[in-house]
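Please keep the sequence and the structure in view while reading.

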Amino acid sequence: MDTNPVKTYGIGELLAMARERAVPVVRGIPDPALGGPTPCAEYDVKALCNHLFQVVVQFQRLAVKQDSDFGETPDRLAGSPEWRELFAEETDRLVALWSAPGAEEGTTGAMNMPARLVGSMALLDLTVHVWDLARATGQEYSGADEAVVAELAAAVEELEPTARKMGVFGAPVPVAEDAPAFERLLADTGRDPHWTP
C-alpha cells in the first residue's frame, strides 16, 4: 500500500496543466495589443509571442533528444492569421512529446542537462511568459497550479546561478514574506508580480 499521499507528476502532466492556462491567454490577445510593452523589457507582446512559439517548437525537439536551434526566432505571427490556433496545436504536440515514455530519462540538449530539468525549462516559459502576456494585455491570470509552482520553484533554484549570469533572469524582486508561492516564483525570475503596462 502506498502511504505517501504526495503525487509526483510527470513533466508532460505539468505541461498539460500549464497549457490549459496558456492557450486561452494567447487566444485572448487582440491584434492591437501586439505592439504593447510586457514585463520582459526586451520584448513587446508580438516578440514575446514569437519567443514563446519558438520555445514550444524547440522543446519538442529536446523531448525526443534532438538538437534545438534557438539562433533565429522566426516571425510566426506574420505568416498566418491563424497563429493563435497554431500555437494551441504546437503546445498540444509539446505536451504529447514530453508525456511519451522515456522523455524524462537521460540527458538532452547541447549542455547535456537532465531531461526532466530541460522539460521544466519549457514549463517555466509556458508559465511565466504566459503570465507576462496576460499582464501585458489586461487579461486575468489566476496563478499556476500548485504542482507546477512546486516543480518550477525547485527548477529555478537549480538554474538560477547560470540563468542570472546569462541574463535570462533579472535581479530578484523583493516580495512580502507571506506572498503566495506563485508571486515568489515570479519575483525570483526578476519579475514584479504587480507589474502593469
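## Loop residues with positive phi

Asn112 lies in the loop that joins strand 1 (107-108) to strand 2 (113-114). The model examined here is a predicted one. In it, Asn112 has a positive phi of about 50 degrees, although this residue is not a glycine. In general, most residues other than glycine have a negative phi. Asn112 counts as exposed because its relative accessible area is 53%, and the cut-off for exposed is over 50%.

Lys65 is a further residue that is not a glycine but has a positive phi, here of about 65 degrees. Lys65 is found in the loop between helix 2 and helix 3 (76-79). With a relative accessibility of 37%, Lys65 counts as partly exposed.

Helix 5 covers residues 115-136. At 1.5 Å a residue, its 22 residues should span 32 Å, and the end C-alpha atoms are 31 Å apart, which agrees. The helix is mostly covered, with 19 of its 22 residues buried. Gly138 follows helix 5 and has a positive phi, near 70 degrees.

An unreviewed UniProt entry places the feature "domain: Mycothiol-dependent maleylpyruvate isomerase metal-binding" at residues 18-134. In the model, the span of residues 18-134 is 60% helix and 3% strand. The end C-alpha atoms of this span lie 13 Å apart.

## Helix 2 against helix 5

How do the axes of helix 2 and helix 5 cross? The axes of helix 2 (residues 45-63) and helix 5 come within 10 Å and cross at roughly 160 degrees. Helix 2 is therefore roughly antiparallel to helix 5, since angles over 145 degrees count as such. The crossing of the two helices is left-handed.

On the side of helix 2, the contact is made by Val45, Leu48, Cys49, His51, Leu52, Val55, Val56, Phe59 and Leu62. The residues that helix 5 brings to the contact include Val118, Met121, Asp125, Leu126, His129, Asp132, Leu133 and Ala136.

## Helix 6 against helix 7

The axes of helix 6 and helix 7 come within 10 Å and cross at roughly 15 degrees. These two helices are therefore roughly parallel to each other, as angles under 35 degrees count as roughly parallel. Their crossing is left-handed. Val149, Leu152, Ala153, Val156, Glu160 and Arg164 of helix 6 make the contact with Ala181, Phe182, Leu185 and Asp188 of helix 7.

## Two residues around helix 7

Pro174 lies in the loop between helix 6 (146-165) and helix 7 (181-188). Is Pro174 buried or exposed? Its relative accessibility is 76%, so Pro174 counts as exposed. Pro174 and Arg184 are 10 residues apart in sequence, and their C-alpha atoms are 8.6 Å apart in space.

Ala187 has its place in helix 7. At 1% relative accessibility, Ala187 counts as buried, the cut-off for buried being under 20%. Leaving aside residues up to four places away in sequence, Ala187 touches Ala171, Pro172, Val173, Val175 and Pro193. Ala187 and Val148 are 39 residues apart in sequence and 16 Å apart in space, C-alpha to C-alpha.

Technical notes:
Residues are numbered from 1 along each chain as its sequence is written. This is a predicted model: local features need pLDDT of at least 70, side-chain atom pairs count only at pLDDT 80 or more; totals for chains, interfaces and linings use all residues. Side-chain values use heavy atoms; hydrogens and water are left out. Helices (H or I, at least four residues) and strands (E, at least two) are DSSP runs, numbered from the N terminus. The expected span of a helix is 1.5 Å times one less than its number of residues. Buried means under 20% relative accessible area, exposed over 50%, partly exposed in between (1.4 Å probe, protein chains only). UniProt positions are given in the numbering used here, feature names are shortened, and annotations may be inferred rather than shown by experiment. Axes are lines fitted to C-alpha atoms, for helices over the stretch in contact, and angles run from 0 to 180 degrees between N-to-C directions. Angles under 35 degrees count as roughly parallel, over 145 as roughly antiparallel, 65 to 115 as roughly perpendicular and the rest as oblique. A crossing is left-handed if the near helix is turned anticlockwise from the far one by less than a right angle, and right-handed if clockwise. Contact means heavy atoms within 4.5 Å.
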